[in-house]
Amino acid sequence: MKEKLDALLKEGAAKIEAAQTEAELQEVKGALLGKQGSVTELLKEIPKLDVAVRPEMGKAINNVKNLLAEQIEGRREALKLKASEIPADFDCTIPGFQPKIGGLHPITQMCYDLNDAFRSMGFEVFSGPEITSEYYAFDNLNFPPNHPARESMDTYWLEGHDSGSASDKLCLRPHLTGDSVRYMQTHKPPYRFVYPGRVYRNETTDARHERAFFQYEALIVDKDFTYTAGKVMIKSILSKVFGQDVPVRMRAGFFPFVEPGFEIDMGCLVCGGKGCSVCKHVGWIEIMPGGTPHPNVLRAAGLDPDEYTGFYVNIGLDRLVMMRYGVDDVRLFHSTDLRFLKQFN
Amino acid sequence: MKLSLNWIKDYVKIPDDMDLTRLAYDLTMSTVEVEGVERLADRFNKIIVGEIIEVLPHPNADKLRICRVNIGEEVKDIVCGGSNLEAGMKVVVACPGAMVRWHGEGEPVEIKNAKLRGVESFGMICASVEVGLADLFPAAEEHEIMDVTALDATAGTPIAEALDLDDIILEIDNKSMTNRPDLWGHYGIAREIAALYDLPLVEFEKYVPETTEEYDVKILDADRCPRYIGAKILGLSVKPSPFEMQSRIWRVGMRPINALVDITNYVMLATGQPTHVFDSTHIIDHIEVRCAAAGEKLQLLNDKDLQLSADDLVIADAEGAVALAGVMGGAKDSVLPETESVILEVANFESRGIRRTALRYDNRTEASSRYEKAIDPERCDQALSMAMELFAELYPEMKVTAFKDLYCNKLEQKEIDVDFDWLDRRLGKRIPQDVVKAKLGAMGYEVTFNEKGMHIIVPTWRSTGDVSIKADIMEEVARMYGYENFEATTITTSFDGAINQLDTDLVRKIKEYLAFRCNMQEIFTYPWMSEECVNALMPNTDGVLALATPPSPSEKYIKSSLLPNICKAIVKNERNFDEFDIFEEAQVYLDKDYTDDYPGEKLPCQKKHLGCAFVGNSDNISALFRRAKGVIGMMPRYTHMEGYTFEKVEKPYWADETVWLNIMLNGKKIGDLALLSKKAALACGIKVLSAVLVELDMDALVPFKSRTNRFVRMPEFPMNDYDLSFLVDSMVKWDEIYAAAMSKNNALLRDVLFVDEYKGKQIPVGKKSITVRLVIGSDEKTLTGDEIEQVANSVLKRLTKTIGAEIRA
């Protein structure tokens, strides 16, 4: 009898623990303590027992009964806390509410990323006027008179300001480099600054050419600055923007306002330099021209080119952004199409 | 530009084991960008010479034949529809795996074994156009297959070998050498390679005329034509040039024509110096180089009829223009089928004039694109020497009967002094002086050492603008030494204070506030405005600047306001969205207040503006207006700048009669916030939606030097909200209600907030219902219901008294 009782307690406890819902628990309770429950059946057997052991057994059975009842109530409480008050048909796959989200233009985003990178290296941010004289757009920058870029087929001259001397002629700036002279004229060397902005060219547009596009120029002017230090600078900036170490190479290139001039390539991040369709199978992507400011540019800024030198780069922002996101048509940047712009938020 | 490596090897001995990838890389790094390196023979992979043994009819097709063709090791049946098939003929067979263009069109496709009308065919017998050889083997008619019977090649020989096409073609990016007129021919690149690898370069022998007879050449404008060589050559005829010459011309992308024309093209491709031949029987009396008379007529070789400008330089004879100098010959006087004698022209023309003329007639040519880079006049000697050699080789009977080298303006060679000390400092490295001298010498510089450095005479071919200062010399040394051979150096810098740019930072703060806090989308628009929107939004275009050559006639004006383009953006997005908020930060330009901040120029007024549009359905203008006012009103607080106020001073032209405000800072109007009038919206093309527009002069905004937020202790005792609804006359403004509610200085009344405004059903006409929330609380204790009620009652009493408020029944 005693053993039977022990087994019953053990078995009952296991059944109570196994009950996962209140209904199951109720069933277990019935099976143990109900009218035909196993414990109740045992109690019914007491009169059949020897009188001497009756009180002891009765006590023992009642003890088991109480223990089980206690466990059942404990389990009931636990199940109650575990249960959800929400109906089981609640659908967790329903999409969330979309927060209304605005955003900066993808070009602004890239520009700010670069600003942060350059700022961290001690560069100032400068911006100049978009309408400039021919003097600042070309003459100061060592463009020879009658350089093809000065022609109206390349530059947007202003009506009524498209003839006369270089100081009289006004245009929408065809590049940012003129602004570097403005900065240098109004500040004291050594210089370390960036001057991002939009520039304008009178040309036919297609997926790769725009009339208005963004450049990001950086200039250091100091005594005895070597081009190899410039390479270190570019590498640092690109690595910061792309979040990984970016191989950089500089090769011969020509631009009127630098001497020597470079084409600067970065290792293709898509294929890791092995060659793919993005880098036209050469492993390198041309991303910016750069070089040492031409002595005439430094002179225009009032500096002695024998004393000062420096390093200049011109990052094509549109192109960098196109690379970042895989955008295949540069004209989208000015499309004002929110379906396009919202993709970058 | 395409270059043949075999051709380059005529002038510089490149070792046969030279790694071509390395060569392309070195050229790219030091001189020009090599975009491609192509093994010419690869184009003709699995294309071989076959010999037709027998031509049999095709059982199922009239136009097809079955050819039994010896392809070397074996004989195969090939089905072919060629019109000129014959036993014994040698043909070009594309074996399975070869790439050909069907009928010379479309992308190359791979040849496979196939059944043609039920007959098995091994590969394909090709027409010249199908294997890209039509320029060398032109077909007389469409179905003619390429006949190579004349070749000394046995069946099975690869066609590339049979035609001696074992060559490498380098493709150079033209943009990378616009500053290098000396590189626009094989010889120029050969010179760079010679300098790169210290290899010897072949020199041209100077041509010495045998005849003493002078050809009559007159130069009337020596500035435009510094040098003109004319030579009359007899004993010629029009015939095909030798295959090797044709092949070279074809390899680098030009088309062989006939021996006379081919010689001129060959010389140009070799030296970079264009030349021309005239049929001498058509040149009347003499040649003169002059500017055209305005309106003078000339028909070009490509049959374009030109009415010349007085700015065009022409070659003329006694009767008139015969060629557009440096651009293209005339149709009448150049080589004709019956030509037997020519005037050979080797001349130098001023670059910019040639460019102007070529662009004027949209007629850029191989010649003009070279001249416009500024060729040095000395190069005429090389071209003349080579041309004469070729004439003699192709026409052993030829005779020069008159010759003239009129060289009016000699080119001045640039001379530059370079200190070694300076060079070392700039390079950041000392390169041995003999290395410097050797590299410069290989490129044609004459270098003599002196006390401090070296004196350098620049070669003529680099003296036309390319090299003129010592920085140029430094570049020459650095690139030949190899940019990659310089060690990276760290950037040295002095620290003199943190960068503090309040204005720059404010612009960014504003943009980030609008984008990230107010959920607006930034847009960019062009600086030119569409006339439609300009007319809709501006009373006139006084003071608006315009472009001399606008992108289109209706986009002449450039931004004096950001709003016209923003309206255009609304039109564009209205199709896809029915509610959106956009903003743009950009410069505006005004034809007034000219400034001279920088020496040497006066610039029109240019300001940074902010433009915004809050766009939504027309049924709740109040909500739209409040959205805009909330964003702009809170901006100073969240971007840390001096606050501004809204006042009604001057209605913007484009604004609705009622819904408009000006933005005022220190008594000055700095912007507007208003509902776009229905009339203006329609005129812009905005069909359905309504827009509240904002334009603000960002230059007028004043950033705080530091943040001005102040900590306020949280109230110790609860603040109580008490809502109050009442009716007032519908013309009563919120400002008046607020002023009235707050007019008595009651310490317990903390604030009065706007909750709601309602007009409509149940509200008498001419009235509106206003709900306000009173914030009531004390610093000393928790207020009782009675105390709160008392404050509210006193407010209501004041409102009743001052603005006639009445509690809604």
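I started at Pro260(A), which I found in strand S7 (residues 258-267) of chain A; helices (H or I, at least four residues) and strands (E, at least two) are DSSP runs, numbered from the N terminus. The peptide bond leading from Glu259(A) into Pro260(A) is cis, with omega near -5°.

A note on what I am reading: this is a predicted model, where local features need pLDDT of at least 70 and side-chain atom pairs count only at pLDDT 80 or more, while totals for chains, interfaces and linings use all residues. Residues are numbered from 1 along each chain as its sequence is written, and chains are lettered from A and ligands numbered from 1 in the order in which they are written.

I then looked at Pro190(A), where the bond from Pro189(A) is cis, with omega near 0°. Pro190(A) sits in the loop between helix H7 (177-186) and strand S4 (191-200) of chain A.

Next I checked the domains of chain A. The assignment gives domain 1 (2-82) and domain 2 (106-344); such bounds come from an automatic or database domain assignment. I noted 86 Å between the C-alpha centres of domain 1 and domain 2 of chain A.

How many residues does each chain bring to the contact between chain A and chain B? I read 64 residues from chain A and 70 residues from chain B, with contact meaning that C-beta atoms, placed from the backbone, lie within 7 Å. The side of chain B that touches chain A divides into 34 nonpolar, 22 polar and 14 charged residues. Here Ala, Val, Leu, Ile, Met, Phe, Trp, Tyr, Cys and Pro count as nonpolar, Asp, Glu, Lys and Arg as charged, and the others, Gly among them, as polar.

On to chain B as a whole. I listed 19 helices and 37 strands there. Its radius of gyration is 41 Å, whereas a compact globule of 809 residues would have one near 28 Å; the radius is taken over C-alpha atoms, and the globule rule is 2.2 Å times the number of residues to the power 0.38. The C-alpha trace of chain B spans about 125 × 85 × 60 Å along its principal axes.

Asp198(B) has a phi of about 55° and lies in the loop between helix H4 (186-197) and strand S13 (217-219) of chain B. Asp198(B) is exposed, with 9 other C-beta atoms within 10 Å. For Asn519(B) phi is near 60°, and I count this residue as partly exposed, with 16 other C-beta atoms within 10 Å.

My last stop was an open sheet of three strands in chain B, with the order S24-S26-S25 and antiparallel pairing; two strands pair if DSSP finds at least two bridges between them. Its edge strands are S24 (415-419) and S25 (446-449) of chain B, each pairing on one side only. The twist averages 20° from one strand to the next, with axes being lines fitted to C-alpha atoms, for helices over the stretch in contact, and angles running from 0 to 180 degrees between N-to-C directions. Five bridges join S24(B) to S26 (residues 453-457) of chain B, and Ile416(B) stands opposite Ile456(B) in S26(B). Helix H10 (residues 420-427) of chain B packs on this sheet and touches S24 and S26 of chain B, its direction making about 70° with that of S24(B).

Technical notes. Two residues are in contact if their C-beta atoms, placed from the backbone, lie within 7 Å. A residue is buried if 20 or more other C-beta atoms lie within 10 Å of its own, exposed if 12 or fewer, and partly exposed in between; C-beta atoms are placed from the backbone.
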